[in-house]
Amino acid sequence: MTDLLETVVENREMVQPHHANALDVTHGGNVMKWMDEVGAMAAMRFAGEACVTARVDQMNFERPIPVGDTAFITAYVYDVGDSSVKVRIVTEREDLQTHEREQTTESYFVYVAIDENEQPTTVPELTVTTAEGERLRREARAGENGH
């Protein structure tokens with residue numbers, strides 16, 4: 001069994017001019033791609049199998065990430081089905097000089113674990129053994145349901 005906190009994956013992407021739109025902020029498609037990659041890593045870390053994106057629930061772009069700032073992306077598994085893995089993914093804008101961070105984007109992705117024949121395969125049970133894990137799971141479930 002895998003504990004929720006063992007599924008946490010964090011990554012940073014430096015926003016370069018080629019990631020930007022005409023307003024010199026990160027193009028939303030780049031943010032979504034980075035989130036999908038980090039989310040898939042969390043799902044695979046949990047499942048111990050390759051995982052493919054099955055669904056993207058809401059994608060809320062709350063504020064932009066300017067060129068020169070960093071996209072700080074955090075993902076973790078908060079719920080599972082037979083072969084499905086639900087992952088909460090949060091992106092923050094980070095100024096590397098001041099260490100200031102603010103949330104820019106949040107979403108909930110569902111991945112499906114697949115075997116060597118690219119067929120859905122079962123995933124282990126998710127355990128939550130700490131207060132921090134319980135807090136993260138509550139936040140994810142509340143956000144998934146729009147609260």
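Predicted model: local features only at pLDDT ≥ 70, side-chain atom pairs only at ≥ 80, totals over all residues.
Biologist: Why is threonine 91 called buried?

Modeller: Its relative accessible area is 0%. Buried means under 20%. Threonine 91 is therefore buried.

Biologist: Where is threonine 91 found, and what does it touch?

Modeller: Threonine 91 is in strand β5, residues 84-94. Beyond residues up to four places away in sequence, its contacts include Val31, Met35, Ile65, Phe72 and Ile73. Glu102, Gln103, Thr104 and Thr105 are also among them.

Biologist: Lysine 86 lies in strand β5 too. Why does lysine 86 count as partly exposed?

Modeller: Its relative accessibility is 23%. Buried needs under 20%, and exposed needs over 50%. The value falls in between, so lysine 86 is partly exposed.

Biologist: Which residues is lysine 86 in contact with?

Modeller: Leaving aside neighbours within four places in sequence, they are Tyr76, Val77, Tyr78, Asp79, Phe109, Val110 and Glu144. Aspartate 36 is 50 residues away along the chain, and the two C-alpha atoms are separated by 12 Å.

Biologist: What makes β2 and β3 edge strands?

Modeller: Take the order first: β2-β4-β5-β6-β3, an open sheet of 5 strands with antiparallel pairing. β2 (9-14) and β3 (50-61) each pair on one side only. The twist averages 25 degrees from one strand to the next.

Biologist: How do you know that β2 pairs with β4?

Modeller: Pairing takes at least two bridges. 6 bridges join β2 to β4 (residues 70-80). Therefore the two strands pair, and they run antiparallel. Asparagine 11 stands opposite isoleucine 73 in β4.

Biologist: Which helices go with the sheet?

Modeller: Helix α1, residues 28-47, lies across β2, β3, β4, β5 and β6. Helix α1 runs at about 50 degrees to β6 (101-114). Helix α2, residues 131-144, packs on the sheet and touches β3, β4, β5 and β6. The direction of helix α2 makes about 90 degrees with that of β4.

Biologist: Methionine 32 lies in helix α1. Why is methionine 32 called partly exposed?

Modeller: Its relative accessible area is 34%. That sits between the 20% and 50% limits, so methionine 32 is partly exposed.

Biologist: What makes up the nonpolar surface patch?

Modeller: Met32, Val56 and Phe61 make the patch, about 240 Å² in area. A patch residue needs over 30% relative accessible area. Methionine 32 has 34%, so it clears that cut-off.

Definitions and conventions: Residues numbered from 1 in each chain as written. Heavy atoms only, no water. Helix = DSSP H or I, 4+ residues; strand = E, 2+ residues; numbered from the N terminus. Buried < 20%, exposed > 50% of the residue type's maximum accessible area, 1.4 Å probe, protein only. Contact = heavy atoms within 4.5 Å. Axes fitted to C-alpha atoms, helices over the stretch in contact; angles between N-to-C directions. Patch = residues over 30% accessible without salt bridge, like charges linked within 9 Å, V, L, I, M, F, W, Y side chains within 5 Å. Areas by Shrake-Rupley, 256 points an atom, 1.4 Å probe, with all protein chains shown as cover. Salt bridge = Lys/Arg side-chain N within 4 Å of Asp/Glu carboxyl O.
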